[in-house]
Every structure is written in C-alpha cells, then in structure tokens.
Amino acid sequence: MYRKNVWLEKQNSYEQIMNFAEDYKKFLNISKTEREFVTNSVVLLRRAGYLNLNEVSSIKAGDKVYLVNRDKNVIAFTIGKKPLKDGLHILGAHVDSPRLDVKQNPLYERGDFVYLDTHYYGGIKKYQWVTIPLALHGVVYLTNNTKIELIIGERDDDPILGISDLLIHLSKDQLQKNAREVIGGEDLDVTLGNIPLKGVDKEPIKNFVLRFLKEKYALEEEDFVSAELEIVPAIKARDYGLDRSMVAAYGHDDKVCAYMCLRAELETTDKEYTSCLFLVDKEEIGSVGATGAHSVFFFNSIAKVAEKLGAPDPYFYAKKALENSRALSCDVSAGEDPLYPGTSDEKNGSHLGYGLTFNKYTGSGGKGGSNDANAEFVAYLRNIMNENNICYQTAELGKVDQGGGGTIAYIFANHNMEVIDSGVGVLSMHSPMEIISKADLYEGFMGYRAFLKAK
Ligand code: MN
Ligand code: MN
C-alpha cells in the first residue's frame with residue numbers, strides 16, 4: 001500500500017519538521033481570526049517582495065503581487081514562465097474557524113453578573129465551550145468611523161473570559177439531556193463582570209462594565225452594532241504528546257492548510273505556471289458573503305492579473321485561464337481516532353503521521369455536495385508526489401452513512417478547472433483544541449511546493 005509513515009520515511013528531516021512546526025505555532029498564536037490571519041499573511045508577502053496589484057501598472061513573468069478583500073480575504077500570485085492562459089496552479093484554503101460571535105446588542109445584566117450574548121459561528125459541539133478560557137478578538141467602528149482593534153485574554157496578565165457550567169452536585173436534571181441540548185445556543189453567554197457601579201440603581205454591574213469600556217477603549221454600548229467581535233479559546237498552540245509529535249491548538253481547521261499554502265507560495269522559486277494563493281473567509285458557514293469563496297472577488301482578481309499582463313480582453317482571457325487551471329482545495333480531513341472506532345473506514349481514512357491527504361470526494365451520503373475529482377487529475381498529482389518523494393494518502397470523511405462535510409473545491413470546479421481536496425488529518429475537529437501531526441504539516445508544505453513547481 002502507498003501509505004507510508006513520515007517519521008520512519010523522513011528521519012533525516014526531523015529537525016526541519018520540528019522547526020516548521022515552531023514557525024506555525026508562532027504564526028497561529030497571533031492569527032486566531034480571519035482578519036488577523038490575513039493581516040499577518042500580508043506582512044510575510046510584503047517582506048518577500050510581493051506588491052499590491054492595485055499599485056502596479058503592469059506585470060511580467062517572475063513578478064509577485066497580491067490583493068486584499070475587506071481585510072478578510074487575500075489572494076497572491078507569482079507570474080509564471082508560461083502564459084496565463086495555460087492555466088494557474090491554485091492553492092486555496094479558508095482562514096475562518098468555528099467560534100462564538102458577539103451579538104449586536106449583546107450586553108445584559110442578570111443576578112449579580114453582566115454577560116455578553118453570543119451567536120455561534122460554524123458547526124460546534126456547544127458543550128465544549130463552557131469552563132474553558134476564552135479571549136475576545138475583533139474590531140469595533142465608532143460613529144466617527146474610528147476603528148478600534150481589540151484583543152483581550154491572550155497576554156499572561158490579561159483577564160480571561162469564559163462561560164460557566166452547572167456544578168455536578170446539582171446536575172441531575174441537566175445530565176438527563178442529550179449532548180446536543182445540554183448546553184443551548186442561547187446559553188453560550190460570556191461573563192464580563194461582577195462589580196456594581198456605586199450610586200446606580202438600574203443595572204449597576206452592566207454600568208460598571210460600560211464605564212470600563214468607555215474609559216479604556218472609548219466604546220459606547222451602541223458601538224457593538226458596528227462591531228465584529230469573536231470569542232475564541234484563550235489557549236496557545238502547544239506541543240502535544242510526550243514525543244512532541246503533534247500540535248494542539250485552536251483553529252487548525254483550516255489555518256493549518258492556509259499556513260502550508262502560504263509558506264509554499266512564499267518558498268517556491270522558478271514557477272512554470274502562474275501560482276495563486278487564495279485564502280478565503282466564511283467557509284464554515286457555506287462560503288457565502290463578499291469574502292467567501294463564492295464571491296466574484298476570486299474571478300475579478302484573475303481578470304486583473306490578465307489586464308496587468310496586457311491581455312486585450314481580460315475577463316474573457318481569465319475564463320480561459322481558469323478552464324486550464326489546476327487547484328488544490330486545501331482543507332483538513334477527519335483524522336483516524338482509535339478512541340472512536342466505528343465512525344470511519346480505517347483503510348480509507350486520514351492517518352496522523354502519514355503525510356498529505358487527498359480526498360477525491362468529500363460530501364455526505366451518496367457524495368452529495370462533493371466535486372469528485374477526475375481520475376486523470378489524481379494521476380497527475382500522484383506522479384508529482386512520487387517524483388518528489390512526498391508521503392501521501394487518500395481519505396474519505398468517515399463512514400459512508402455517518403455524516404460528512406464540504407469544502408471550497410466544488411466552487412473552484414464551477415470554473416471548469418481540475419480540483420481536488422487535499423490537507424492534513426485533524427483530531428477533535430471544530431473543538432476548542434484541535435490536534436494535528438507535525439509530520440503531516442511539514443509533508444503537506446513540501447507536497448504543496450511540489451505542486452506549485454510542477455511543469
Ligand atoms: Mn475546513
Ligand atoms: Mn470546518
């Protein structure tokens with residue numbers, strides 16, 4: 001069988017594997033939201049000489065450019081030696097992760113506490129989000145359009161936030177409920193404070209917090225209306241396991257693939273085909289919105305590249321270019337977890353430590369919602385992986401009737417290009433602390449580089 005263990009196959013790469021994981025952990029710790037990930041990606045792109053495509057009048061082979069969409073979506077290109085109409089080699093990944101979003105009218109006082117009401121984003125097991133340290137990240141726009149950026153709960157001397165759970169001693173009724181209902185969506189309210197403001201009769205605790213927000217951040221209660229605030233786990237990426245073989249962190253889905261793609265784009269020289277790095281938002285809620293994969297931003301960006309390359313009819317030219325393109329929809333796969341047997345077909349699952357995973361199809365039931373890659377394209381990739389000595393495996397997302405999931409592959413496929421899902425296996429996906437293998441992380445980066453370099 002073609003599945004090989006990276007740790008055994010690549011013993012000489014042990015140092016590189018460990019060092020790459022250190023870089024990833026550092027990047028992830030400052031990139032917990034889609035906005036932060038995009039901002040930090042642009043820092044690396046600019047440092048590597050990428051220019052904003054809107055600020056250059058023309059481009060040629062070898063040039064490196066990028067575009068940012070609403071601070072939540074970035075696309076970068078290296079112009080290849082071949083003409084653009086021969087197609088691009090595209091790496092796409094999403095930078096949003098499941099979390100709790102702060103509602104627009106969130107503050108309320110009950111009992112002796114003031115709370116922040118939230119609305120969860122993406123698919124979560126709600127019971128996993130109580131009694132863990134939480135942090136608040138995001139932006140608020142004041143009425144005068146001043147932008148306030150908030151990160152509370154990440155520094156060691158910051159307070160953390162959190163959601164309480166009922167004590168076990170009084171949980172007789174609660175524990176009768178099923179896991180879906182034991183904590184409801186409206187129960188996920190974050191505790192903000194407990195001190196009453198002196199001399200205030202009505203909502204004294206809420207008023208104390210409001211005074212704090214006013215003094216510290218110049219925020220009024222009404223400013224939550226024009227805010228995007230996200231509640232995320234206040235945990236740092238850490239080595240996992242005595243052998244430090246894995247990384248535990250919030251947001252591997254899909255920041256791990258986004259990071260592998262970013263590094264592959266940055267560190268691949270001599271590209272034959274024009275490369276495209278596409279980091280996108282809103283995948284966890286259906287790739288909707290102006291910053292999601294369905295947005296015309298992607299196509300318009302390709303057209304803009306065609307225009308700056310001098311194509312007479314850039315929109316038509318971009319359509320041809322995309323039809324000849326090849327894409328990897330880079331997203332995490334369900335890692336085989338021996339503690340939960342029976343949910344997957346082990347021989348068709350993603351095994352941690354066995355390298356880059358290719359999912360010919362995702363979807364659920366009878367492959368519903370999947371793009372189902374062409375055998376011809378799988379053969380093309382298989383050859384690239386073999387020629388470059390990359391450990392890879394194929395996988396499905398669990399047993400046929402057990403559930404399923406989708407990615408952005410089918411959206412790429414709508415342009416009539418070749419596309420397949422590819423990523424690394426994750427344990428505890430969508431939980432506040434997801435697990436990946438360092439070996440898979442490094443091997444994925446190497447595999448993506450090989451794809452960008454391919455002739
Ligand atoms: Mn994902
Ligand atoms: Mn996901």
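Biologist: Which residues in α7 meet α8?

Modeller: On the α7 side they are Phe298, Phe299, Asn300, Ile302, Ala303, Ala306 and Glu307, and in α8 they meet Pro314, Tyr315, Tyr317, Ala318, Lys319 and Leu322. Contact here means heavy atoms within 4.5 Å, while helices (H or I, at least four residues) and strands (E, at least two) are DSSP runs numbered from the N terminus. This is a predicted model, in which local features need pLDDT of at least 70 and side-chain atom pairs count only at pLDDT 80 or more, whereas totals for chains, interfaces and linings use all residues. Residues are numbered from 1 along each chain as its sequence is written, chains are lettered from A and ligands numbered from 1 in the order in which they are written, and side-chain values use heavy atoms, with hydrogens and water left out.

Biologist: And at roughly what angle do the axes of α7 and α8 cross?

Modeller: They cross at roughly 110° and come within 8 Å, with α8 covering residues 314-323; the axes are lines fitted to C-alpha atoms, for helices over the stretch in contact, and angles run from 0 to 180 degrees between N-to-C directions. That makes α7 roughly perpendicular to α8, on a scale where angles under 35 degrees count as roughly parallel, over 145 as roughly antiparallel, 65 to 115 as roughly perpendicular and the rest as oblique.

Biologist: Is the crossing of α7 and α8 right-handed or left-handed?

Modeller: Right-handed, meaning that the near helix is turned clockwise from the far one by less than a right angle, anticlockwise being left-handed.

Biologist: What about Asp313, where is that found?

Modeller: Asp313 is in the loop between α7 and α8, and with a relative accessible area of 44% it is partly exposed. Buried means under 20% relative accessible area, exposed over 50%, and partly exposed in between (1.4 Å probe, protein chains only). Between Asp313 and Ala303 the C-alpha to C-alpha separation is 8.9 Å in space, for 10 residues in sequence.

Biologist: Changing topic, what are the protein donors of the manganese ion (ligand 2)?

Modeller: They are Asp253 (OD), Glu284 (OE), Glu284 (OE) and His430 (NE2), at 2.1 to 2.6 Å from the ion. Donors are N, O and S atoms within 2.8 Å of the metal (3.2 Å for Na, K and Ca), and because water is not among the atoms, sites may look incomplete. Along the chain the spacing for ligand 2 is D-x30-E-x145-H.

Biologist: And which residues coordinate the manganese ion (ligand 1)?

Modeller: That manganese ion (ligand 1) has His94 (NE2), Asp253 (OD), Asp331 (OD) and Asp331 (OD), at 2.1 to 2.5 Å. Asp253 lies in helix α6 and Asp331 in the loop between β14 and β15 (333-334), so the pair ties together parts that are 78 residues apart in sequence. Asp253 also bridges ligand 1 and ligand 2, the two manganese ions lying 3.4 Å apart.

Biologist: Are Asp253 and Asp331 buried or exposed?

Modeller: Asp253 counts as buried at 2% relative accessibility, and Asp331 is buried too, at 7%. One backbone detail belongs here, namely that the peptide bond from Asp253 to Asp254 is cis, with omega near 5°.

Biologist: On to the sheets, what is the order of the 9 strands in the open sheet?

Modeller: The order is β1-β2-β3-β13-β4-β14-β20-β16-β18, with mixed pairing, and two strands pair if DSSP finds at least two bridges between them. At the edges are β1 (51-52) and β18 (392-394), each of which pairs on one side only. Helix α7 packs on this sheet, touching β2 (64-69), β3 (73-78), β4 and β13, and its direction makes about 30° with that of β3. Strands β4 (residues 88-94) and β14 (residues 326-330) are parallel over 4 bridges, and Ile90 stands opposite Ala327 in β14.

Biologist: How is the pairing in the open sheet of 6 strands, parallel or antiparallel?

Modeller: Antiparallel, in the order β8-β7-β10-β5-β6-β9, with a twist that averages 30° from one strand to the next. Helix α5 (residues 204-217) packs on that sheet, touching β5, β6, β8 and β9, at about 125° to the direction of β5. Strands β5 (residues 99-110) and β6 (residues 113-121) are joined by 8 bridges, and Tyr108 has Tyr115 in β6 as its bridge partner.

Biologist: Last one, what is phi of Thr131 near?

Modeller: Phi of Thr131 is near 55°, a positive value in a residue other than glycine, and Thr131 is exposed, with a relative accessible area of 59%.
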